[in-house]
Amino acid sequence: MLRYALKRLISLLVSLSVASVVIFAVIEVAPGDPASFMLGVNAQEDTLAALRSELGLDGSKMQRYFNWVGGMLVGDFGTSYTYRTPVSQMIADRMWVSLPLALYALMLSTLIAFPAGIYAAARRGKPGDLAVMGATQLGIAVPNFWFAMMLVLIFAINLRWFNAGGFVGWGEGVLPGLHSLTLPAVALALPQAAILARVMRSALLDILSEDFMRTARAKGLSRRQALWRHGVRNALIPVLTIIGLQFSFLLAGSIIIEQVFYLPGLGRLVFQAISARDLIVVESVVMLLVFAVITVNFLVDLAYAAVDPRLRSRS
Amino acid sequence: MSRNLILGAFLSSLVVLAALISFVWTPYDYAALDIPNKLQPPNVQHWFGTDHFGRDIFSMIMVGARTSIAVALVAVGIGMVLGVPLGLTAAARKGSWLDEVIMRGNDLVFAFPSLVIAILITAVFGAGAINAIIAIGIFNIPVFARITRGAALSLWEREFILAARVSGKGAARISAEHILPNVANLLIVQGTIQFSLGILAEAGLSYVGLGAQPPTPSWGRMLADAQTMVSFAPHLALIPGLAIIVTVLGLNLLGDGLRDWLDPRIRVARA
C-alpha cells in the first residue's frame, strides 16, 4: 500500500508541475502587456517600467515562473492587476461560495442517484427501471445552465420560493445561505445525479450476478436483505470513485452556474478577471481549480486502493 | 435494430437536416431585425416566435444547429485524427518508452478539468468558434487514444495478427490494415458520444460568451440573451434549450443503439 501511495504521490507531483507549466505558458503567450493595459495607451515609458517592476513582470520567464509557483506554495498568489488587492484574499472570499455550492450539489446528486440507481437495479427490465433509465437519459442531455434558468423561471419568478440570483452571505446565518444556494445546487446536481444513478445501477447489476449473491439467497436471505447487505455495499466501491470524479465536474461546472445566478464565487471572479484582462487572477484561479481536481482524484485513487487490495497488487 | 437506434437516428438526422437546409432556405433571414414584431410567442407566422430584435427564432435555431454541429464535429475530428494514431502507436509499441509517454500524457490531459482549460484558452486567445473547437478538441484526443489502445492491445494477441506478422508486414502496416478496421466500430460509437458532449460544451462556452460571436447565431448565445427576459418571454429560453436537449439526447441514443447493433456479442445474445 505504501509503495502504491508513493507511486501515486510522485505522479500527482508530476501532474501538478506540468499543469503549472502549461497554465503559465498559456498566460505568457497572451497578447498584451498588463502594465500598459492598466495605465492606458498614453502612459509614459518610465511609468510603465516602474509598474512592470512593481508587478514583478520585468524578470526573465523562468524567474517569473518560479516566483509564481514559489509564492503559491506559501499562499501568496500575487496582486490583482485591477483591484491591487492580494489574489489570495480574493480567492479566499469567493471560495466560501464555490466550495459549499459544489459540496451541496454533490450531496444532492448522491441523495438522488443512490435510491434511483438501487431502485432501477432491483427492478431490472421492469417499467420502474425503464422510467428511471429514461429519466437519466434526459438528465444527461440537459445543459445545467439551461436547467438553472428553468428553475429560476419556475421557483423564483412564478412561485417566489427562492431568489432569482445573488447570495445573501453566510453572515445572515447558515440556513439563509443554504437557501440562496439551493437552486444553483439543484441545477448542478441533476445531470451528475443522472450519471451517478446509471453507474450505481450497472455496478449493482454486476454484483447481483456474482456467486456470493446466490449464496446469500441460498442461505435464506430475502431478495431485499441480500440486495442491501451484500449488493449495495459492494457496489459502493466503483460508485465512490465516480463521486470523487464528480466533485471536479461540480467545481468546474459551478463556474457557469454562478453566471446564471450572479453568485459571487470563483467562476464570476474568473470571468470578471478575463474581461478586465487581470490575467494573474485567471492564472491563479485556474491553477487552484486544477490543483483541487488533481488532488481529489489522487485521494480517490488512494481510498479505492485501501478498500480494494487487488488494485494495489496489480500496480 | 433497437428502439434506441431508431429514435436516436431520427432525432439526430432531424437536427442535421435542419442545419443543412439552413444553407439554402430559412423561413426568414435569421439576422433581419423586425422591431415592431419583437418578443412574439410562437404563432403561425413565426413557429418558434421572435426574439427581442424581432428576429425569427426558428431561423436562428436552424442556423444555430450549423454552428453547434460544426464546432462539435471538428472537435471530434481533432480527437480522432490525433488520438487514434497515438493509440495505435502505443499499442504497437506496448511497454516501450513511447507507450509510457503517450499514456502518461493522456492521463495528464484527463486530469485537467476540461471546462476550466477551455475557459483559459478562449480567455487568452480570444473568444470565438475556432478557439472553442480547439479547446474542446484537445480533450477528445486522450479519449480516442485510450479507447484505441485498449482495443488494439487485445487484437495484437490474436492469431490473424500473428499471421500478418509472419507474412512480413511491419507494425505500422498491420496497425493500418488490420487493427484499424477492427476498432472502427468502437470509434464510431465513441465518436457519437464525444459529438454530443461537444454540443453541450459548445453551448456552455457560447453561453458565457466564449464561443461563436454575434452575429453568428448559436444556441448557447441565444440562451444568454434570453436570460434577462425569461420572466416575460419564456419561449426565448425554452426553445434553444429544447434544441440542445433534442440533439444531445438523439446523439446519446444513437451512440447506445450503435454500440448494441455493432457489437456482435450482444446481437448473438439477443438472437
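The model is predicted.

**Chain B**

Chain B has 11 helices and zero strands. Read from the N terminus, its elements run α-α-α-α-α-α-α-α-α-α-α. The C-alpha trace of chain B spans about 75 × 50 × 30 Å along its principal axes. Chain B has 271 residues, and 48% of them count as buried. Take the contacts in chain B between residues at least 6 apart in sequence: 71% of these join residues at least 24 apart.

**Where the chains touch**

The contact between the chains takes 35 residues from chain A and 29 residues from chain B. On the chain A side, α1 (2-28), α6, α7 (144-158), α10 (223-261), α11 (266-275) and α12 (279-307) each supply at least two residues. Which of them gives the most? α12(A) does, with seven residues. The side of chain A that touches chain B has 29 nonpolar residues and six polar ones. Charged residues are absent from that side.

**The nonpolar core**

The largest nonpolar core has 162 residues. Ala148(A), Val270(A), Val282(A) and Val116(B) have the most contacts inside this core. Helix α2 (residues 57-92) of chain B brings the largest share, 18 residues. In soluble globular proteins, nonpolar side chains tend to be buried together.

**Helix packing around α6(A)**

Two packed helices are described by the angle between their axes and the distance between the axes. Helix α6 of chain A (residues 127-141) packs in this way with α8(A), residues 174-208, and with α5(A), residues 87-122.

| Helix pair | Axes come within | Crossing angle |
|---|---|---|
| α6(A) and α8(A) | 8 Å | roughly 135 degrees |
| α5(A) and α6(A) | 7 Å | roughly 140 degrees |

Begin with the pair α6(A) and α8(A), whose axes cross at roughly 135 degrees. That angle makes α6(A) oblique to α8(A). α6(A) passes α8(A) in a left-handed crossing. From α6(A), the contact uses Val132(A), Thr136(A), Gly139(A) and Ile140(A). They meet Leu190(A), Pro191(A), Ala193(A), Ala194(A), Ile195(A), Ala197(A) and Arg198(A) in α8(A). By class, the residues of this contact are eight nonpolar, two polar and one charged.

Now the pair α5(A) and α6(A), whose axes cross at roughly 140 degrees. The two helices are therefore oblique to each other. α5(A) passes α6(A) in a left-handed crossing. α5(A) contributes Ala116(A), Tyr119(A) and Ala120(A) to the contact. α6(A) contributes Gly128(A), Asp129(A), Val132(A) and Met133(A). The classes here are five nonpolar, one polar and one charged.

**Val239(A)**

Val239(A) is found in helix α10 of chain A. Is Val239(A) buried or exposed? Val239(A) has 22 C-beta neighbours inside 10 Å, so this residue counts as buried. Beyond its neighbours within four places in sequence, Val239(A) is in contact with Val199(A), Met200(A) and Ala203(A). Ser53(A) is 186 residues from Val239(A) in sequence. In space the two are 51 Å apart, C-alpha to C-alpha.

**Backbone details in the loops**

Tyr262(A) is not a glycine, yet has a positive phi of about 50 degrees. Where does Tyr262(A) lie? Its place is the loop between α10 and α11 of chain A. Tyr262(A) counts as partly exposed because 13 C-beta neighbours lie inside 10 Å.

Leu39(B) is not a glycine either, and has a positive phi of about 55 degrees. Leu39(B) is in the loop between α1 (3-24) and α2 of chain B. With 16 C-beta neighbours inside 10 Å, Leu39(B) counts as partly exposed.

The peptide bond from Pro214(B) to Pro215(B) is cis. Its omega is near 10 degrees. Pro215(B) sits in the loop between α8 (171-207) and α9 (219-226) of chain B.

How values were computed: Residues are numbered from 1 along each chain as its sequence is written. Chains are lettered from A and ligands numbered from 1 in the order in which they are written. This is a predicted model: local features need pLDDT of at least 70, side-chain atom pairs count only at pLDDT 80 or more; totals for chains, interfaces and linings use all residues. Axes are lines fitted to C-alpha atoms, for helices over the stretch in contact, and angles run from 0 to 180 degrees between N-to-C directions. Helices (H or I, at least four residues) and strands (E, at least two) are DSSP runs, numbered from the N terminus. Angles under 35 degrees count as roughly parallel, over 145 as roughly antiparallel, 65 to 115 as roughly perpendicular and the rest as oblique. A crossing is left-handed if the near helix is turned anticlockwise from the far one by less than a right angle, and right-handed if clockwise. Two residues are in contact if their C-beta atoms, placed from the backbone, lie within 7 Å. Ala, Val, Leu, Ile, Met, Phe, Trp, Tyr, Cys and Pro count as nonpolar, Asp, Glu, Lys and Arg as charged, and the others, Gly among them, as polar. A nonpolar core is a set of buried Ala, Val, Leu, Ile, Met, Phe, Trp, Tyr and Cys residues joined through C-beta atoms within 7 Å. A residue is buried if 20 or more other C-beta atoms lie within 10 Å of its own, exposed if 12 or fewer, and partly exposed in between; C-beta atoms are placed from the backbone.
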